[in-house]
Amino acid sequence: MRLRVEFTTEPFDLDEAPAHAVVAREVIQSADLDAVDVGPFGNTAEGRADEVLTAVDSLLRRALASGATRVSLQVNVIEEGSR
């Protein structure tokens with residue numbers, strides 16, 4: 001099974017990326033995922049279910065430890081071969 005995760009961390013800072021946002025992006029970019037897209041208002045990644053779920057666990061733990069007061073995320077099952 002493949003999953004797509006979309007997430008944002010708060011609080012926002014339009015002038016400089018807060019530590020929790022940087023950490024969350026580093027987790028996703030260093031995970032064994034594909035179709036990673038990071039941006040100022042949202043981030044997405046796709047991969048095999050085990051890898052996405054492992055990355056989400058790490059993302060939540062590390063972003064909250066780095067000052068995030070809210071993490072919004074959505075996880076969707078995607079069909080194999082669809083991107």
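The secondary structure of this predicted model comes to 2 helices and 4 strands. Their order along the sequence is β-α-β-β-α-β. The chain has 83 residues and a radius of gyration of 12 Å, which agrees with the value near 12 Å for a compact globule with that number of residues. Of the contacts with a separation of 6 or more, 68% are between residues 24 or more positions apart.

**Overall dimensions and surface**

- The C-alpha trace spans about 40 × 20 × 20 Å along the principal axes of the chain.
- Buried residues account for 34% of the 83 residues.

**Strand β1: R2 and L3**

- Strand β1 covers residues 2-10 and includes R2; L3 is also found in strand β1.
- R2 has a relative accessible area of 8%, and because the cut-off for buried is under 20%, R2 counts as buried.
- The side chain of R2 makes a polar contact of 2.8 Å with the side chain of D34.
- The side chain of R2 also makes a polar contact with that of E46, at 3.4 Å.
- Both of these partners, D34 and E46, are acidic residues by the charge convention used here, in which Asp and Glu count as negative and Arg as positive.
- L3 has a relative accessibility of 5%, so L3 is buried.
- Leaving aside neighbours within four places in sequence, L3 is in contact with A45, E46, G47, A49, V52, L53, V75, N76, V77 and I78.
- The C-alpha atoms of L3 and D50 are 9.0 Å apart in space, although the two residues are 47 apart in sequence.

- A cis peptide bond, with omega of about 10°, joins E10 and P11.
- P11 is placed in the loop between β1 and α1.
- D13 lies in this loop between β1 and α1, and helix α1 covers residues 19-30.
- D13 is partly exposed, with a relative accessibility of 40%.
- A polar atom of the D13 side chain lies 2.9 Å from the backbone nitrogen of D15.
- The backbone nitrogen of E16 lies 3.3 Å from a polar atom of the D13 side chain.
- D13 and G42 are 29 residues apart in sequence, and their C-alpha atoms are 13 Å apart in space.

**Strand β2: A35**

- A35 lies in strand β2, which covers residues 34-38.
- Phi of A35 is near 55°, a positive value in a residue other than glycine.
- A35 counts as partly exposed, at 39% relative accessibility.
- D34, which joins R2 through a side-chain polar contact of 2.8 Å, is within the residue range 34-38 of strand β2.

Conventions: Residues are numbered from 1 along each chain as its sequence is written. This is a predicted model: local features need pLDDT of at least 70, side-chain atom pairs count only at pLDDT 80 or more; totals for chains, interfaces and linings use all residues. Side-chain values use heavy atoms; hydrogens and water are left out. The radius of gyration is taken over C-alpha atoms; the globule rule is 2.2 Å times the number of residues to the power 0.38. Buried means under 20% relative accessible area, exposed over 50%, partly exposed in between (1.4 Å probe, protein chains only). Contact means heavy atoms within 4.5 Å. A polar contact is a pair of N or O atoms within 3.5 Å; within protein, one must be able to donate a hydrogen and the other to accept it, and residues adjacent in sequence count only if both atoms are side-chain atoms.
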